Amino acid sequence: MTWKSEGGIDKVLYLRAQPHDPWKCYNEFPQYYKPDLGGRSPGYATFLTLLRQGWQMVHT
């Protein structure tokens, strides 16, 4: 998982299943997607869920 800026909005969560896969926006992964919480960065609910499942944060 990583956070990337998209235009002028907050950072958005990006995911990739394998290290060689391209980064894709979290909402392109319906199997992991969680509805966003108000007032948080897009993907924050998904981020918390995946973090609890053992996913790792990567700084790009």
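**Rings and strands**

Tyr-33 has a relative accessible area of 35% and is partly exposed, because buried means under 20%, exposed over 50%, and partly exposed in between, with a 1.4 Å probe and protein chains only. Before going on: this is a predicted model, in which local features need pLDDT of at least 70 and side-chain atom pairs count only at pLDDT 80 or more, while totals for chains, interfaces and linings use all residues. Residues are numbered from 1 along each chain as its sequence is written, and side-chain values use heavy atoms, with hydrogens and water left out.

Now the rings. Rings of Phe, Tyr and Trp (its six-membered ring) pair if their centres lie within 6.5 Å; planes under 30 degrees apart are stacked, over 60 edge-to-face, and the rest tilted. That rule gives 5 aromatic pairs. One of them is Tyr-26 with Tyr-33, stacked at 5.7 Å centre to centre and 15° between the planes. Tyr-26 is buried, at 4% relative accessibility. Phe-29 and Tyr-32 have ring centres 6.1 Å apart and planes at 35°, so that pair is tilted. Phe-29 is buried at 10%, and Tyr-32 is partly exposed at 23%. Ring pairs also link Trp-3, Tyr-44 and Phe-47 into a cluster.

Last, the strands, which are DSSP runs (E, at least two residues) numbered from the N terminus. Two of them pair if DSSP finds at least two bridges between them. Here 3 strands form an open antiparallel sheet, ordered S1-S2-S3. S1 (2-5) and S3 (24-25) are the edge strands. S1 and S2 (residues 11-15) are joined by 4 bridges, and Thr-2 has Tyr-14 in S2 as its bridge partner.
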